[in-house]
Structures are given as structure tokens and as C-alpha cells.
Amino acid sequence: MKKLIGVTIMAGLIATSAMAADIKLPDPDKTNPTTLISALENRHSDREFSDKVIDNKTLSTILWAAYGINRADGKRTIPTAMDKKDLNIYVFNKEGIWLYDATTNSLKQQSNDNHLALFQMQDYMKPVSTVLVYTGSTEDYAVMHAGSAYQNVELYTAANGMSSIVRGYFDHQKVQEVLNLPTGQRVIISQAIGWKN
Ligand SMILES: Cc1cc2nc3c(=O)[nH]c(=O)nc-3n(C[C@H](O)[C@H](O)[C@H](O)COP(=O)(O)O)c2cc1C
């Protein structure tokens, strides 16, 4: 019995330490010289992705563009109704699922399982190594905030020779379950990001 308790405690400890693999992201790179007009000219949905993994510096910059803090008072790169921070961005990749924490510029690990198959209903998604999932409150404004954030990401990828596409075609219910979202929170939309093929 003692042995069984010991094994159970060890298993618990291993699970806890594996889930505690949060990532402190490097500072975002704000040096891109592309003009806004050129990014707007190039913005389009891409359906060609390579399987090259996105490095943490680039990921940090993409997430900052989406929903990062751009002022000393903690406000964001997107406008937010009544200053509500009701949007969450999850990063799905081969190593698991991560919640973006803008205040610490870090990724909080939610799972260490690869759930990318949930987004592979269309063939062009097969090589995609990173999917962003926007979630938020069931109130109207979170949806608008997601739209602002995904457009910022599209402008970033257009300005940096990368690919991105906003995607509603996936099993929202399954993603909601995998994320274990609390009542009042829902999956809004997803966005594949990556390098061109
Ligand atoms: C909310 C939303 C959901 C979308 N869902 C999908 C999708 O599931 N699959 C897909 O291939 N494209 C999806 N798209 C991309 C649109 O098909 C694309 O934006 C549209 O064809 C216009 O092309 P453009 O983005 O290159 O201007 C979605 C776009 C938006 C804004």
C-alpha cells in the first residue's frame, strides 16, 4: 500500500513538473521597416505552409502584435471595449497548448499533448506547426477583440514574408473541451500561422 501511495505521489509530481514548463518569451522584435501601407497591400489568406517551426522571438512578436502591451499603463495593441481584457490567445503546437500572458510576455503551459489534428480538416493544414486559438467571454465584445487581434497578426505575417489564415472550420466543441474553458468562456476563432512553403 505504502509503495502504491509513493508511486501515485511520484506520478503526480512528474505530471505537475511537466505541466509547469512555462516559457518566458524573448522581447518582441519591433525593428521591422515595412510600411503599414505595404503590409496592407500584401495582406491575404495563405493556404501554403511549410512545417518549419516558429522560433520564440518571432512568436513573441506575433503575440505582441495580436494582443501585447504597448503602453506603460498596460493597455494593448488592440482597442478594448471598456478596457476589458476579455480575450485569451492559446498557442497550439507539437509540444502542447500554451496560454499567452501579455503581462509577463510568457506562455503558460496548459497541455503537453499535440492537438494540432483538431485543425486538420483541410489538407493545407497538415504541415502547419502553430495554430492560435482566440477565446473569450460570451459577451459580444470579445469577438470584436479577436477580430482586431487576428488582423494585427495578418498584417505582421504580410510584413514579414510569413503565412497566416483565419479559420472557423474546426470542431469548436472539441477545442473547448481540450482547453477546459470555464463557464462563460468560449472558443471564438482560430488562425494558422507559419512560414511559406
Ligand atoms: C471569421 C473567418 C473565418 C474563416 N474560416 C476559414 C476556414 O475555416 N477555412 C479557410 O480556408 N479559410 C477561412 N477564412 C478565410 C477566408 O476564406 C478568406 O479571408 C476569404 O476568402 C478572403 O480572402 P483573403 O483573406 O485572402 O482576402 C476565414 C476568414 C474569416 C474572417
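Reply: Two strands pair if DSSP finds at least two bridges between them, while helices (H or I, at least four residues) and strands (E, at least two) are DSSP runs, numbered from the N terminus. This is a predicted model, in which local features need pLDDT of at least 70, side-chain atom pairs count only at pLDDT 80 or more, and totals for chains, interfaces and linings use all residues. Residues are numbered from 1 along each chain as its sequence is written.

Me: Over how many bridges do S2 and S5 pair?

Reply: Asparagine 93 stands opposite threonine 130 in S5. The pairing of S2 with S5 is antiparallel, and the number of bridges is 7.

Me: In which order do the strands of the open sheet lie?

Reply: The open sheet is formed by 7 strands with antiparallel pairing, and their order is S1-S4-S3-S2-S5-S7-S6. Strand S1 (23–24) and strand S6 (162–167) each have a single partner strand, so one side of each is left without a neighbour in the sheet, and the strands at the edges are S1 and S6.

Me: Which residue in S7 is the bridge partner of valine 131?

Reply: Strand S5 (residues 130–137) pairs with strand S7 (residues 185–195) in the antiparallel sense over 8 bridges. Tyrosine 134 stands opposite isoleucine 189 in S7, and the S7 bridge partner of valine 131 is alanine 192.

Me: How many of the 8 residues of S5 are buried?

Reply: A residue is buried if 20 or more other C-beta atoms, placed from the backbone, lie within 10 Å of its own. S5 is largely enclosed by the rest of the structure, because the number of its 8 residues that are buried is 7.

Terms used:
A residue is buried if 20 or more other C-beta atoms lie within 10 Å of its own, exposed if 12 or fewer, and partly exposed in between; C-beta atoms are placed from the backbone.
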